[in-house]
Every structure is written in structure tokens, then in C-alpha cells.
Amino acid sequence: MPKHFRPAGKKKEGNAAKYITRTKAVNYLQVSLAIFRKLCILKGVFPRQPKKKVEGNHKTYYHMKDIAFLAHDPLIEKFRQIKVHRKKVKKAIAKKNRDLADRLLNRPPTYKLDRLVLERYPTFVDALRDLDDCLTMVHLFAALPAVDGERIEVKRIHNCRRLSHEWQAYISRTHALRKTFISVKGIYYQAEVQGQKITWLTPHALQQVLTDDVDFNVMLSFLEFYETLLGFVNFKLYHSINVNYPPILDPRLEALAAELYALCRYMSTGSGRVIGNSESGGVNEKESGAIKENEDGNNKASAKTDESELRLAQLQHQLPSNEPGALMHLVEESTAVDTDDDETKECKSLFKNLKFYLSREVPRESLLFIIPAFGGTVSWEGEGAPFNEIDEDITHQIVDRPTQSHVFLSREYVQPQWVFDCVNARIILPTDGYLVGRVPPPHLSPFVDNDAEGYIPEYAETIKRLQAAARNEVLPLPGDEDLDNSLVAAMMDRTESNETAEKKRKLEMLEKQYHDELKMEIDGVTFSKLSNEKPDKSQDTMDKDDAKSDHEDEKKQAEKDNDDISTALMSRRKRGLYKAMEIGRERKQDKVELLKKRKKNADSSASAKRR
Amino acid sequence: MGHSDGEHQLEGDDLSADDASWSDGVWSEDDDEGSGSGSGSGSGSGSDADSDEAAAEESDSSEDEVAPRNTVGDVPLEWYKEEEHIGYDIDGRKIKKRDREGRIEAYLKNADDAKNWRKIYDEYNDEEVQITKEEAKIISRLLKGKTPHGNVDPYPDYVDWFEYEDKGHPLSSAPEPKRRFVPSKWEQKKVVKLVRAIRNGWIKFDKPKEENNLYLLWGDETDTAENKRHGLSYIPAPKPNLPGHEESYNPSVEFIPTQEEIDSYQLMYEEDRPKFIPKRFECLRSVPAYEKALREGFDRCLDLYLCPRTRKKRINIDPESLKPKLPSKKDLRPYPKTCYLEFKGHMGPVTSISVEITGQWLASGSCDGTIRVWEVETGRCAKVWNVGGDVRRIAWNPLPERPILAAIVGHDLLLINAEVGSEEVQMRAKELLKIDEMAPQDNTDGKKPAVRWMKHEKLDGITLIHHKAVSNVEWHFKGDYFTTVVPSGDTRAVLLHQLTKKHSHHPFRKLPGLPVAATFHPTQKMFFVATKKFVQVYDLQKAQLVKKLESGFREISSISIHPGGDNVIVGSKDGKLCWFDTDLSTRPYKALKIHSKDITNVTFHRKYPLFASSSEDCTAYVCHGMVYSDLNQNPLIVPLEILRGHSSSDGRGVLDCKFHPKQPWLFTAGADSVIRLYCD
């Protein structure tokens with residue numbers, strides 16, 4: 001009898017009934033694999049790992065309930081309709097019935113994903129919790145080239161860009177940004193919204209190449225869901241701060257690829273200032289008209305100005321309707337300040353009273369996002385900027401080129417990394433290391449827990465010291481002092497314990513010596529003999545050292561034995577677990593050792609060079 | 001055609017013939033008006049006067065009549081380049097080349113003659129041709145892509161040549177069909193269909209307008225029942241790893257691997273190789289686009305929808321908490337822990353040791369063929385016998401008044417007087433070891449007897465000559481009986497001997513596997529036989545099997561019985577030791593994996609709750625093994641100490657270990673020919 005014998009007429013039971021392989025699921029649903037894939041992506045259905053893999057180890061298993069869930073979704077019917085529609089169009093074209101084909105093409109079956117969003121994320125917090133991938137994806141697509149004839153529709157890329165800007169505007173407005181990190185892969189941001197830490201990655205603002213090794217169908221299916229999700233999330237977030245959601249942007253700024261700025265302005269004010277600003281922008285325009293836009297190759301800007309002015313006029317008509325909302329919002333803001341937690345307050349006031357000016361070569365979008373998020377005012381070189389380079393109030397100019405043509409003495413010229421490091425350290429760092437033309441200090445990841453990792457880079461310690469200093473200066477709060485004290489106390493404890501260990505060892509040595517002498521006495525070695533022997537002993541001090549090291553070895557061995565001896569009583573499972581943990585710990589230790597070694601080498605070579 | 005035109009010109013004829021070639025009969029009337037403005041209209045009008053037919057004839061003939069002056073035919077003119085003539089005339093005479101005109105002459109000519117611009121040099125005939133104005137006009141029209149003649153009307157009115165209105169024979173005499181006058185039924189049906197479709201809204205002409213389908217999806221979230229996710233439990237995908245210091249665009253120096261390290265990555269397996277190699281950029285401006293951005297996004301997508309998900313309990317605990325809580329070692333004292341004495345004297349590995357029951361003497365057997373007796377307290381060697389063969393095993397008679405040693409030398413067993421103790425005791429021992437005559441030879445079944453008792457002349461003892469090699473010897477606690485194990489002895493593998501009667505017999509016919517060791521119960525009439533996998537417990541009185549303990553080991557090497565008799569420890573060749581509580585179960589109560597190599601011996605202390613094991617890995621373990629009189633309480637086992645000190649020789653470590661009968665001291669015999677005494 002085979003192992004899984006089932007008498008005829010008896011139903012399947014257990015894992016065989018609960019799980020279904022992918023091929024069988026596709027057959028069961030009577031759809032093509034591509035549609036199945038899309039359904040799974042949109043519905044968030046994923047394979048599961050059954051306890052017993054009845055059909056074999058190398059197959060993917062879905063839960064039968066998940067498949068039933070897919071089978072009952074109206075979306076599956078929609079997909080069938082789309083398939084049929086595509087066939088109709090093809091047939092019409094083949095029969096040269098252009099009229100019918102056009103008519104059909106005008107009205108393809110469409111579907112909405114709002115129901116799915118709610119189904120997958122019944123509460124808003126659920127949605128926020130899963131937002132990481134969504135944001136990363138949307139930001140990635142926002143950075144792809146919006147070119148006709150590529151594999152991605154231009155419309156969708158523009159939509160992604162809009163959504164990402166809306167999100168950033170919200171984060172910036174509510175000062176929810178917590179950590180930033182420039183990596184080789186792009187810039188990581190971490191924000192805290194409703195208590196959820198949301199981390200996302202934006203690629204560097206450079207041309208991405210569409211490679212052939214990815215399946216865009218899969219990615220676009222994901223993107224479809226993510227666009228919807230982020231749209232709704234943005235709506236909810238904007239609603240929560242009393243701003244109309246599909247934001248009406250200043251088209252001229254939009255055209256100048258300063259969408260984010262436009263959005264921020266839209267959010268932070270009501271209507272009146274938009275007009276005023278646009279006028280001042282007009283002045284700027286005249287001055288900086290010669291300066292070409294560097295980003296996004298937006299040379300059409302000048303061509304668009306006429307059109308944009310027209311739209312601006314329309315806007316002015318629309319805007320008064322927002323005014324009550326804006327007023328409300330102002331009222332709300334005053335109350336909201338009180339409800340802000342400490343961290344938000346800290347973030348809000350980091351760059352307070354600082355005025356930044358961005359040069360052309362720095363990543364503008366990123367800095368336009370970060371600086372206002374931490375309470376700073378910012379402008380940039382280009383059209384539509386709120387103030388220009390000659391403004392006397394500018395405290396920091398962010399530049400990234402080796403030399404500077406015209407230097408204002410009233411401001412500091414720093415590299416962009418300074419902003420990121422300040423944000424992570426939550427203090428205004430001294431700008432000495434970040435000055436123009438210098439190699440800035442290492443940029444450290446704020447996501448690493450240095451203590452847990454066991455290795456603290458040098459610069460992290462420097463920052464820690466600066467933070468402590470800043471705290472003492474600015475906020476001599478008792479709590480903080482306590483913290484410092486405890487830190488110091490801990491340090492003291494450690495040194496003390498080291499000292500005691502040292503003392504103990506010395507004592508032991510003495511004791512041993514005493515014992516040895518006692519033994520000798522018992523053995524009957526007279527003092528005179530000993531004194532004769534002594535020169536020998538002094539001769540071979542090396543041997544003594546060896547003996548000492550032997551002694552240490554023995555001690556170590558004894559300690560190890562002590563550790564080992566209790567492992568003998570563990571069950572096999574626990575012992576395996578323990579050993580695995582030990583291996584992991586050792587690996588970590590090795591990594592730290594390697595880092596220390598490299599650091600030492602680097603230091604020694606650097607000092608050799610200095611000589 | 002080019003030169004034929006020239007021909008006309010040369011003859012100075014009017015263009016009638018040429019005209020005719022353009023004008024077919026149809027166009028002739030229009031021709032008149034078109035050429036009226038032209039300068040050569042006079043000549044044109046002449047041709048107009050002719051009838052159509054005549055014109056056609058003339059045009060036909062003119063082609064034939066006019067022949068070129070040169071008769072070389074259509075050959076490349078380069079052939080005549082070098083010659084003085086350009087060809088032959090119709091009579092076969094050479095046509096000489098004309099003299100070449102100078103430039104000045106040509107210029108002058110150009111200046112003099114107003115018609116000079118119309119002159120063309122005919123290379124074929126080597127002469128100058130003057131084209132008429134009409135011809136020039138035609139050329140210019142041709143260059144513009146128009147019809148050569150200005151007179152041609154490309155879109156004339158249609159002239160219906162066949163007037164059959166009042167003629168007797170129309171082209172078709174069939175009557176006009178009805179369908180020409182009645183609206184089409186099918187068209188009507190189609191229209192009706194379309195109309196209906198439009199009315200019912202199946203066909204819509206206006207494009208569906210882009211509606212804003214975003215709204216406040218998540219309302220107030222107070223209703224918790226609504227806000228539950230339905231269906232199966234949702235397993236959120238693990239979040240992508242957050243970047244470490246090494247992923248920075250400007251990491252500190254220690255995170256950047258050296259060139260050698262990067263090279264060494266190439267030697268690694270594909271999956272071990274680090275996926276990301278840190279790199280340092282001097283400034284943010286020089287950071288390039290990350291080329292794997294799309295790929296990584298895609299991989300994440302694949303992970304999200306293709307990877308099977310399970311909930312895994314990841315224990316995040318301190319590994320130390322996994323260790324069992326052991327009672328403090330201080331409470332379990334005394335136990336041997338430091339080496340106090342070394343007994344040196346043997347020349348080869350000491351295979352076996354045995355302590356006298358009073359604890360005063362220690363006997364040891366070695367591979368160098370000697371048996372030594374040591375005084376325990378001083379470490380002095382009291383006696384040496386040279387027995388002339390490897391001593392495998394040695395056991396001291398447990399009665400203090402019988403100082404007799406049983407030793408396995410080579411294949412056989414040797415009983416000798418240890419020659420310690422008082423005179424009287426020694427005398428009695430001598431007496432015991434006397435054999436009057438040769439043991440009765442039982443050759444009735446024709447087999448070699450299992451054992452023969454023989455007198456050993458040299459050492460004044462007894463040899464028990466076994467039919468095969470003996471591996472183990474063990475005394476009964478009363479000192480009269482002892483047992484030997486002959487592993488390859490089949491049905492006679494385990495033998496029982498009686499010292500006083502000098503008698504042997506083999507009680508066990510059948511054993512489950514090869515016997516390894518046999519031992520007596522310390523108080524009762526029970527007998528333990530350890531085969532390779534099992535321990536059999538026999539009742540000697542009833543002569544039946546009582547219990548079969550399953551060790552689960554591959555090969556048992558040694559066995560020891562707790563002085564209480566209910567607990568057994570068994571050491572195996574895979575370095576494991578197990579404790580049986582025979583009252584509890586036939587399976588091990590606890591198995592300890594303590595040694596990395598074979599266990600050579602295990603032993604219990606007679607008085608203290610201690611047991612020890614020695615192993616080939618040069619260590620001996622001392623453990624606390626408390627057995628409680630309360631049956632409900634399980635024995636307490638605590639490993640106490642690892643005793644090191646022996647060095648490995650020839651791959652062997654500690655070969656034997658024995659406790660002192662009264663003190664918490666442990667003797668270990670090493671392959672490095674040293675016996676060590678560990679004390680508290």
C-alpha cells in the first residue's frame with residue numbers, strides 16, 4: 001500500500017486537502033498563468049509552506065482558501081472581460097472594421113482597486129505598516145526616464161512622480177522625517193507616521209537604464225496596486241491635516257520641476273501667498289532667465305510660461321474656495337503644535353532660523369525635502385526660487401564643487417553630506433570637516449545599532465561626544481544629566497571591574513608564588529640552594545614567561561571547561577541551538593575583529609604617510 | 001532622341017514635324033491657342049493647317065528620313081578620342097575633327113552673337129547646333145517636370161462619344177432594378193441595431209471622462225469588527241534589510257575591503273560571496289546611478305509574490321539561558337579535581353589499574369609486560385612482576401584477606417599472589433593459589449575445554465587457559481567467584497569461575513551480539529552482561545533473564561554498576577555515556593555526550609555519589625551522580641570537572657580510571673605510561 005493511500009470515494013484530508021500546487025491552482029481557476037500572477041499580486045496572495053509537502057518538495061503550494069478567495073473575486077471576471085475585449089479589437093482590426101475597433105478601443109473594461117486596498121489593509125495603520133515596499137517602488141519608477149516608446153507609459157511615471165512628491169510634501173510638512181542616509185544605492189529616508197516607522201529608498205537623481213533582465217509586467221502589476229494604495233494613503237494623510245487632496249499646484253513651478261516646493265507651499269499656506277510668490281517669482285525669472293534648468297531636461301519651460309500664466313489665472317479663481325479650509329488649518333496648526341511629541345518638536349526646530357541656498361550641482365529634490373522637514377528655509381539656483389543667491393540672510397550655501405567662484409563671507413559653504421549628518425545626529429554639527437574641497441568625514445548609517453553590532457566607528461563616537469556637549473549647553477535637563485551620569489557611571493564601573501580583575505590576577509600570582517615557596521620548603525630545599533638556583537631562574541626569564549602564559553592557558557582552559565561542562569547535560573536539540581548561536585556570535589566577533597584590523601592598518605599607514 | 005532633335009535644327013526646318021509628334025489629333029484645337037504667345041507661332045500655324053492624318057504620317061516618316069552625319073553608330077566616343085576623325089559620313093569618308101576653338105574666340109562669339117546661349121555643342125557630329133526658342137522652352141518645361149508642350153491640357157472635359165439617348169440600341173437594355181428605388185432592408189436593419197445600441201447605451205460616443213476615484217477610504221476606525229482582515233492569517237513579508245555603514249557612499253576606511261580581500265572573494269563559492277562591495281566616493285557629485293536599482297526592485301517583487309511564507313519563531317534569547325541550571329559545585333564537594341601524584345615507572349601504556357579494597361595499594365598492568373603494585377600514599381612502587389606479555393586487564397580481589405590479583409596477560413588469565421599484607425594473609429593466599437593436580441580434562445564431547453586451570457610455575461600462581469582470547473575480568477564482591485569474557489567465544493563467551501573449587505562453567509548459551517563486559521551485582525545474586533548494544537540483567541539464582549537495557553549506542557565499551565545496584569552507567573565507543581535507572585525504564589534515563597572520542601572506562605565510587613569516565617581524548621570527567629532513596633525522585637546528575645593532564649600517545653589517551661574505595665580520589669591510567677592520582 002502506498003504511503004498516502006486514500007480509498008476511493010474518500011475525501012482528501014490534512015495537508016493534501018489544504019494545499020494546492022501552483023499548476024493545479026491555475027487550472028482550478030481556469031485562467032492563464034500571467035493572469036494568475038497578476039491576481040496574486042493585486043490580492044496579496046502568497047504561497048505558503050505546508051508542514052508536509054504532499055506533491056513533492058520542489059513545488060510551490062498555495063493554501064486552498066487563498067485560491068478560493070481568488071476564485072470569488074470579481075476581478076477574475078474583469079480580467080476575462082479584458083481578454084475578450086482584446087480579442088474583439090483584434091478581430092475588428094483584422095476585418096478592417098476601423099470604426100468598430102476605434103469604438104472598442106475607446107471603452108476598454110476597467111477595474112478599480114480601492115476595494116482590494118481596503119480588503120488587504122482594513123485599518124489605516126495596517127496600510128502604513130506595509131508602506132515600505134510601496135514607497136520604494138513608486139520612488140524608483142518616479143526616477144525612470146519618462147520617454148514615449150519605452151516599456152512604461154509616460155503617464156504612469158508622471159503619476160508616480162506626483163504621488164512621491166505628495167508623500168514627501170506631507171512628511172516635510174508634518175516634520176515626520178527621522179533619519180536619512182546616502183548610500184550607493186540611493187538615499188534612504190525613515191519617517192514616523194502614526195507611530196509606524198516607514199523606510200524608503202529613492203534612487204539618485206540620475207538617468208536610470210531600463211535593463212532587459214527584469215519582467216516589467218510583474219513590476220507594473222505591483223506598481224498598479226502601489227499607486228492606488230499610495231493615492232489613498234496620501235488622501236487620508238492630507239485629510240488628517242485638513243488639506244484638499246488632489247492638490248492644485250502652481251503650474252509654473254510644476255513646469256520648472258520644482259513640484260515638491262510647489263506642493264509644500266500649497267500645503268503650508270492658503271491662497272494669498274501663492275499669488276504674491278508667483279509675482280516675486282516673476283522678478284526672479286527675469287534675473288535668472290539666462291540660467292538653464294539642469295534637472296529633467298526641462299527646456300520647454302519658457303515655452304510653457306504663457307500657458308502657465310493662463311492657468312494661473314484660472315487658479316486664482318479656484319483658490320478662494322480653499323480659504324476657509326486654510327483658515328481652519330491655521331487654527332488646527334496652533335493646537336497641533338501642542339500635541340506634537342518631543343521628537344517632532346526636536347526635528348522641527350533643528351534648522352530653525354537657518355537659511356539655505358542650494359547650488360546647481362547638489363541633489364535638489366532631496367534637500368528641498370529634508371531641509372523644510374527640519375524647519376529650515378531653502379532656495380535654489382534656478383527659476384521660481386523664493387530668494388536668490390545674493391540674499392544676505394542666507395546662512396548656509398550647499399555646494400558640491402571643488403572651488404567657488406564668488407564667496408560671500410556671511411555664509412558657510414558646506415557639502416550636502418553636512419545636512420544629512422546633522423539630521424541624523426539631531427544637532428548642528430561644526431562645518432569644518434564639510435567645507436568645500438575637503439573630503440568629508442565618513443557618512444555613517446543611522447540604522448545601525450553600534451552597541452549591538454559591537455563596533456563603534458570613530459566618527460560615531462565623535463558625534464556622540466558632540467551630542468553630549470550640545471545637550472549640556474542647550475538643555476541642562478536633570479533627566480539628561482542623569483543619563484550622562486549613568487553613562488559615566490557605567491564607564492567607571494567598567495574600568496573599575498577591569499582594575500579589580502587585574503588586582504585579582506596579581507594576588508593570585510603572589511599566592512602562587514607563596515605556595516611554590518612553601519612547597520619548596522616542604523621538599524626540603526634550603527634557602528641557600530634556592531639562592532643558588534635563583535640566578536638560573538633569572539637567566540631563563542623567558543621560561544618563566546612561558547610558564548606564565550601556560551598558566552594563563554590553563555586558566556582559559558578551566559574557564560572553557562566550566563562553560564562546556566554544562567553543555568553535556570543539554571538535550572541534543574538545545575545543544576544544537578546553543579552551538580548555532582555560538583557560531584553566529586563568533587562570526588559577528590570575527591567581523592568586528594576584521595574591522596578593527598583594517599582600521600589599525602589604515603591608521604598606521606596614515607601615520608606613516610604623515611611622517 | 002537628343003541628336004535627332006538637333007538634326008531638325010540643323011536642317012533649319014520649321015517645327016512642323018516635331019509639333020506633330022506631340023500633337024495627336026485630339027489636342028490639335030487647343031494647340032492653336034497655347035502656342036499663340038510663342039515666338040515660333042508662325043511656323044506652328046503652318047502645321048496646324050494640315051489635316052490630322054497628314055501630320056501623323058509626316059511625324060512617322062521624319063524619324064526615318066533624317067540620318068546623322070556621322071555613321072559610327074552608337075559606340076562610345078572615347079574610341080575616337082585619339083583619332084583625327086570623329087567617324088565616317090554616309091559615303092565612307094572620314095569626317096575630320098574641327099579645330100578646337102580658343103577661349104577668347106568663344107568669349108568673343110558669346111559677346112557678338114545674341115543667340116549664342118542657344119548653341120549646343122554636338123559631340124557626336126562634332127558641330128555646333130543652335131536650338132530654337134521653342135525647343136529651349138520644352139527643355140525648361142521638362143526640367144520642371146511638366147508636359148513638354150504648354151498646349152497640353154491634362155484635364156479636359158469629358159466628351160461622351162456615344163450618344164444613345166435616342167438611338168435604337170442602348171448599351172444595356174435591362175430595366176432599372178427595384179432596389180435602385182427602394183431603401184435597403186439590410187441597411188435599415190443595421191441602422192436599427194445601431195440606434196438601439198445607442199439608445200440602450202451600448203454604444204457611447206463620448207469618451208469616458210477621467211473621474212477622480214480617490215476618496216477617504218479608511219473612515220473612522222472605531223468599529224473593530226469591521227476592521228478585521230478576513231480569511232487566513234496574513235503573514236506580512238519581512239522588511240528589507242536596512243543599510244549598514246558599509247553601504248554608505250562615503251564609508252569609513254575600515255569598511256572598505258583591501259584589494260587582496262576583494263580578490264579572495266573570487267575563490268569563494270557563489271553564494272558565500274559578498275553581494276555588495278563597499279566603495280568610497282570623494283563627493284556626492286561623483287556618485288553614479290546605481291545600475292542594479294531596477295534589478296533589486298524586481299527581485300523584491302519576486303520575493304513578495306513567489307516566496308512561500310511561514311511564521312517562524314525566532315528565539316532571541318541569551319545562549320547562556322539554554323544551559324541547564326546546575327547546583328553549585330561547592331555544595332557537591334568533595335570530588336577529585338587536581339592532580340596530586342603521578343606514578344611513574346611503566347615503560348608502555350598503562351592499560352589497566354585496580355585499587356585494593358583497603359585503599360592502600362594500587363596495582364597496574366601495562367603493555368610493557370609488567371604488573372606493578374604501588375603504595376598509594378607515597379607513590380612508591382612496591383612490587384614488579386614481569387609476566388611476559390601485554391597486560392590487558394587487572395582486578396584486585398575485593399576481600400582484604402585475599403591479596404590476589406587477577407590479570408589478563410596475552411590470551412589468558414593469570415591469578416597471582418600480590419604479596420602484600422601480613423604473613424598469615426600471604427600464606428592463605430598461597431594456599432588458595434595451589435593446584436594439586438591438573439584440572440580434570442572433560443574431553444567427552446571432543447571439544448577443546450573452555451578453560452583449563454594450570455599452575456604458573458614462575459610466578460607461583462595459576463593460569464586459566466581459555467580457548468580464545470579473554471578481554472575482561474571482574475570479581476564477585478565476596479571474592480570467591482569471578483567472571484571472564486571471551487568476546488569471540490560464541491556459546492562459551494561469558495564464563496564464571498570459582499576460586500576455592502578451581503571450577504569454571506559457562507551459564508549463557510545465547511547472547512544478543514558479542515559480549516563486551518560482564519559484572520556482578522554489588523549486593524544481590526544478579527549478573528550484568530554488556531553486549532555491543534544491550535545490557536542483559538540475569539538472575540543467577542533463577543537462571544533467567546530479568547531485564548534487557550537498550551542503550552541505543554553503536555558499541556558499548558564499558559559498564560559500571562552503582563553500589564546500590566539499581567543504577568547502571570554505560571560508556572560507548574562514540575564518546576557517549578548513559579545512565580540507566582533500572583527501576584524506571586530499560587531505556588537510558590540520561591545520555592551525556594561528553595567525550596569527543598571513545599570512552600575507555602566508566603566507574604562509580606563505592607561511597608561518594610561520584611562517577612567518572614575516561615576517554616581516548618585524554619580527558620576524564622568526574623560527575624556527581626546522586627541516587628535518592630525516595631523512589632519518586634530521579635537521580636541527580638551534575639558534571640563536575642574535566643580532568644586533564646595526560647598526553648596523547650599513539651592516538652590513545654586515558655585508558656582506565658578507578659576511584660579510591662574510601663577517599664574521593666580518582667586514579668587514571670594513561671597511554672603515556674603514567675598513572676595519575678586526582679584528589680580533592
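**Exercise 1.** Which residue just after H7(B) takes a positive phi?

Solution. This is a predicted model; local features need pLDDT of at least 70, side-chain atom pairs count only at pLDDT 80 or more, and totals for chains, interfaces and linings use all residues. Residues are numbered from 1 along each chain, chains are lettered from A in the order in which they are written, and side-chain values use heavy atoms, without hydrogens and water.
- Locate helix H7 of chain B, residues 133-143; helices are DSSP runs (H or I, at least four residues), numbered from the N terminus.
- Step just past H7(B): B:Gly145 has a positive phi of about 85 degrees.

**Exercise 2.** Find the buried residues of H7(B) and say where they lie.

Solution.
- B:Glu135, B:Ala136 and B:Ile138 are buried, that is, under 20% relative accessible area (1.4 Å probe, protein chains only).
- These residues lie on the same side of H7(B), because they cover an arc of only 160 degrees around the axis. The arc is that of the directions from the helix axis to the C-beta atoms.

**Exercise 3.** Describe the interface of chain B and chain A.

Solution.
- Count contacts (heavy atoms within 4.5 Å): 88 residues of chain B touch 105 residues of chain A.
- Take the buried area, the accessible area (1.4 Å probe) lost on being put together, summed over both parts. The value is about 8800 Å², with 64% from carbon and sulfur atoms.
- In chain B, B:Trp218, B:Leu294 and B:Tyr305 lose the most area to chain A, together 10% of what that side buries.
- Apply the salt-bridge rule (side-chain nitrogen of Lys or Arg within 4 Å of a carboxyl oxygen of Asp or Glu). The interface has 6 salt bridges. One of them joins A:Asp213 and B:Arg295, with the closest N and O atoms 3.8 Å apart.

Note on methods:
Buried area = accessible area lost by both parts, 1.4 Å probe. Buried < 20%, exposed > 50% of the residue type's maximum accessible area, 1.4 Å probe, protein only. Helix = DSSP H or I, 4+ residues; strand = E, 2+ residues; numbered from the N terminus.
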